[in-house]
Amino acid sequence: MPMNRPVATALAAALCLLTAACGSSSDGKAGDATAEAAASKTGYPVTLDNCGQKETFDKAPGRVVVMNGASVAEVSTLLALGLGDRIVANQQTYGNSEVPGRAEAIEKLPDGGVEQNDAFDVPRETMIGLRPDLVLSTTAYGFDEKNGFATRDQLKDAGARSYVSPQGCDQDTSKMTLADSYRLLRDMGKVFDVSDKAEELIAASEKKIAAVADKVKDKAKGEKKPKVMVLFSNMSMGGNDFSSVVAKGIYNDILAEAGGANAFENASEGSFADLSKEKVAATDVDALVVIGYNDPDPAAYAEKLLKEFPQWPAARNNTYVTLSDSMYLGPSNDLAVEKIARMLHPDAL
């Protein structure tokens with residue numbers, strides 16, 4: 001829920017009124033006791049060990065910049081926690097969302113008047129000029145000086161804390177799992193003193209995913225898991241025809257809970273495979289998951305693929321689903337699990 005002032009400040013003021021002790025003691029002990037009481041009530045100070053760097057927060061941030069990173073993980077997490085009013089500049093959008101109203105809520109957030117640099121994110125000088133007290137980046141790429149970005153040390157010198165999301169320290173998201181979405185929620189819950197809300201969201205997600213996984217498991221006992229191709233629509237990341245095909249990462253964790261398996265998991269050691277048309281044609285694909293990143297019609301892309309590879313079981317059965325933010329790091333992975341499970345095992349749900 002929106003808060004007009006940091007919780008720590010409000011509680012400290014209330015304690016001062018109740019005890020009439022703030023700054024009144026000659027030896028400072030009463031004032032110290034009041035400060036300690038306020039800290040215990042709010043949980044501050046909070047220290048996170050983030051990519052080997054300690055970031056300490058004495059109060060909830062009030063001027064947050066969310067970097068692009070081709071993600072919506074961070075902005076969606078803040079919105080799910082009711083913290084949209086803390087954002088002074090957001091660069092993230094997928095254009096669509098499985099969560100009703102989220103895409104519209106993201107669209108309404110301030111962008112800080114940022115003109116992105118050649119690396120498609122907030123330039124160093126612009127970042128410092130925004131006067132943030134917290135900067136969020138999906139990976140360490142967003143704090144790399146050679147990309148024209150402010151480093152974490154430069155931000156600290158300007159009075160800002162910084163945070164790299166789980167599995168983003170080495171810019172390799174291939175080991176990302178559902179647990180990382182929960183860790184992002186927990187970390188932001190601690191930073192903004194809304195841990196109860198974060199735990200509530202995590203518990204609800206875990207419960208929904210477990211319920212779907214149990215139904216799918218019972219239905220598909222002894223059966224071979226359908227092979228699923230996951231890719232971003234109309235996006236090129238390499239030199240081949242199919243360079244946005246998912247190989248590893250949180251996508252596979254979601255597929256497993258939904259009772260499926262990645263058809264191209266072994267095609268690359270990294271998050272994405274850069275595949276030729278011949279390689280794709282030679283692989284049995286039972287179902288498609290098309291992720292729409294600022295694509296207004298990912299379904300058209302899915303149908304085009306099914307026509308291009310009529311030999312696939314997915315084409316014969318017209319088996320596909322389009323998703324956006326729920327398939328990536330963020331607070332809504334339970335929706336992806338449910339939608340994919342309904343596609344793969346319609347009789348189970």
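Biologist: Which helix gives the most to the lining of the second largest pocket?

Modeller: This is a predicted model, in which local features need pLDDT of at least 70 and side-chain atom pairs count only at pLDDT 80 or more, whereas totals for chains, interfaces and linings use all residues. Residues are numbered from 1 along each chain as its sequence is written, and side-chain values use heavy atoms, with hydrogens and water left out. Two helices (DSSP runs of H or I, at least four residues, numbered from the N terminus), α8 (195-219) and α13 (333-344), each supply at least two lining residues. The greatest share, four residues, comes from α8.

Biologist: How many charged residues does the lining of the second largest pocket have?

Modeller: Among the residues that line this pocket are Arg-102, Lys-208 and Asp-334, and Asp, Glu, Lys and Arg are the types that count as charged. Besides six nonpolar and two polar residues, the lining has a charged class that numbers three.

Biologist: Is Ser-271 buried or exposed?

Modeller: Ser-271 lies in the loop between β9 (261-262) and β10 (272-275), where strands are DSSP runs of E with at least two residues. Buried means under 20% relative accessible area, exposed over 50% and partly exposed in between, with a 1.4 Å probe and protein chains only. Because its relative accessibility is 9%, Ser-271 counts as buried.

Biologist: Which side chain does a polar contact of 3.0 Å join to that of Ser-271?

Modeller: A polar contact is a pair of N or O atoms within 3.5 Å, and within protein one must be able to donate a hydrogen and the other to accept it, while residues adjacent in sequence count only if both atoms are side-chain atoms. At 3.0 Å, the partner of the Ser-271 side chain is that of Thr-173.

Key
1 Å grid on protein atoms, 1.4 Å probe; cavity = no way out; pocket = protein on both sides within 12 Å on 5 of 7 lines; lining within 4 Å.
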